[in-house]
Amino acid sequence: SPAPRVFSGIQPTGIPHLGNYLGALRSWVSLQEEFGSVLYSVVDLHSITVPQDPDTLRRSVLDMTACLLACGVNPDKSCLFQQSQVPEHAELGWILSCLTSMPRLRHLPQWKMKSQSQKNEGSVGLFIYPVLQVADILLYQSTHVPVGDDQAQHLELTQDVARTFNNQYGEFFPIPRALMSKCAKKIRSLRDPLVKMSKSDPQKLATVRLTDTPDEIVMKFRKAVTDCTSEVTYDPERRPGISNLVAIHSAVSGLAPEELVRQSRGLETAQYKLVVAEAVIAHLTPIREEVHRLRGDTGFLTGVLTRGTHAAREVATPVYDAVCRMVGL
Ligand code: ADP
Ligand code: NA
């Protein structure tokens with residue numbers, strides 16, 4: 001069986017929120033210890049599938065890099081790089097797009113969702129970006145991919161395309177497997193606990209960013225939507241608001257929800273909100289400080305990405321060359 005290798009990517013969308021951190025980035029850090037070969041990419045090619053601003057994009061790549069490093073991604077243990085600097089992503093994407101049918105892509109939920117929100121009904125790039133994601137993964141002959149449940153169908157596409165290639169041209173790509181995040185339970189919006197915390201949430205107080213100040217964090221938790229019961233319980237089905245706060249508290253403290261509920265006996269939800277805010281502040285403060293320090297050191301950040309690009313290309317180039325030979329290019 002092939003040597004285990006982890007790949008994951010994140011779009012340069014500015015400062016990540018608590019959902020990104022607890023659902024994805026934190027597990028990226030622990031995977032560095034569990035796997036010998038780990039690649040993490042800031043996937044900027046995916047960010048131009050929708051209207052975008054070049055200066056914002058350039059800044060966001062560095063901001064995301066700073067955030068990943070501040071969260072604990074260690075460039076000595078994993079390869080951290082910018083997708084567009086490794087041209088084989090787009091090149092392999094083209095080859096794989098020729099093995100993928102239109103109906104297969106049309107049925108992906110993200111296309112249905114995102115294309116409806118674009119005036120032009122979505123670019124061709126937005127339509128085929130899942131194939132670019134497939135290429136991102138297969139370019140490194142990755143065996144394991146950390147995914148949230150929102151990405152499960154894209155990993156299935158990756159497995160299908162890998163099998164199609166292997167059937168058509170010969171056994172070459174390992175079939176990558178999903179690594180489900182330990183915090184697979186979605187972190188919910190603080191303003192509407194029925195939807196997940198998301199960067200695209202227009203409600204101002206719904207999302208906690210890694211760089212929020214302690215005052216901002218307190219205000220957001222103070223305003224978090226719960227129900228009219230004042231007791232703290234953990235019941236995600238019937239009491240999604242307070243349960244989301246307990247889930248966040250659990251994720252940042254490492255204590256089980258039941259234990260936190262026991263500790264909070266006698267507290268009103270209004271008081272408990274401040275307890276959670278303090279736990280989040282304690283957890284995020286070193287990260288926030290490190291993000292600020294790193295954002296001021298652009299030279300260091302570009303240096304990390306340049307070294308990552310070299311390391312990524314060392315893996316990618318021979319894989320891509322082999323694919324070309326197999327395809328007859
Ligand atoms: P957003 O939903 O804010 O647009 P992305 O789709 O860019 O975030 O997701 C980046 C990563 O963060 C993915 O691995 C995704 O599963 C994870 N993620 C995003 N939102 C949440 C959330 N609310 N709870 C847990 N994980 C999340
Ligand atoms: Na998403």
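Two residues are taken to be in contact if their C-beta atoms, placed from the backbone, lie within 7 Å. On this criterion, in the predicted model described here, Pro214, Ile217, Val218, Phe221 and Arg222 of helix H8 meet Lys273, Leu274, Val276, Ala277, Val280 and Ile281 of helix H11. Divided by class, this contact of H8 with H11 comprises 9 nonpolar and 2 charged residues, with no polar residue. The two helices, H8 spanning residues 214-222 and H11 spanning residues 269-295, have axes that come within 9 Å and cross at roughly 145°, and the crossing is right-handed.

The crossing in which H3 passes H12 is left-handed. On the side of H3 the contact is made by Glu88, Glu91, Leu92 and Ile95, and on the side of H12 by Ala316, Thr317, Tyr320, Val323 and Val327. The residues of this contact of H3 with H12 divide into 6 nonpolar, 1 polar and 2 charged.

Ligand 1 is surrounded by 18 residues, of which the closest are Gly19, Gly23, Ala24, Gly148 and Lys199. The shell around ligand 1 receives its greatest contribution from helix H1 (residues 18-34), which supplies 5 residues. In terms of class, the residues of the shell divide into 5 nonpolar, 9 polar and 4 charged.

Two loop positions were also examined. Glycine 36 is located in the loop between H1 and strand E2 (38-42), and it counts as exposed because it has 10 C-beta neighbours inside 10 Å, the limit for this class being 12 or fewer. Glycine 36 and alanine 3, although 33 residues apart in sequence, are 8.9 Å apart in space, C-alpha to C-alpha.

Glutamine 141, by contrast, is buried, since 21 other C-beta atoms lie within 10 Å and the class requires 20 or more. Its place is in the loop between helix H6 (124-138) and strand E4 (144-147). Most residues other than glycine have a negative phi.

Conventions
Residues are numbered from 1 along each chain as its sequence is written. Chains are lettered from A and ligands numbered from 1 in the order in which they are written. This is a predicted model: local features need pLDDT of at least 70, side-chain atom pairs count only at pLDDT 80 or more; totals for chains, interfaces and linings use all residues. A residue is near a molecule or strand if its C-beta atom, placed from the backbone, lies within 6 Å of it. Helices (H or I, at least four residues) and strands (E, at least two) are DSSP runs, numbered from the N terminus. Ala, Val, Leu, Ile, Met, Phe, Trp, Tyr, Cys and Pro count as nonpolar, Asp, Glu, Lys and Arg as charged, and the others, Gly among them, as polar. A crossing is left-handed if the near helix is turned anticlockwise from the far one by less than a right angle, and right-handed if clockwise. Axes are lines fitted to C-alpha atoms, for helices over the stretch in contact, and angles run from 0 to 180 degrees between N-to-C directions.
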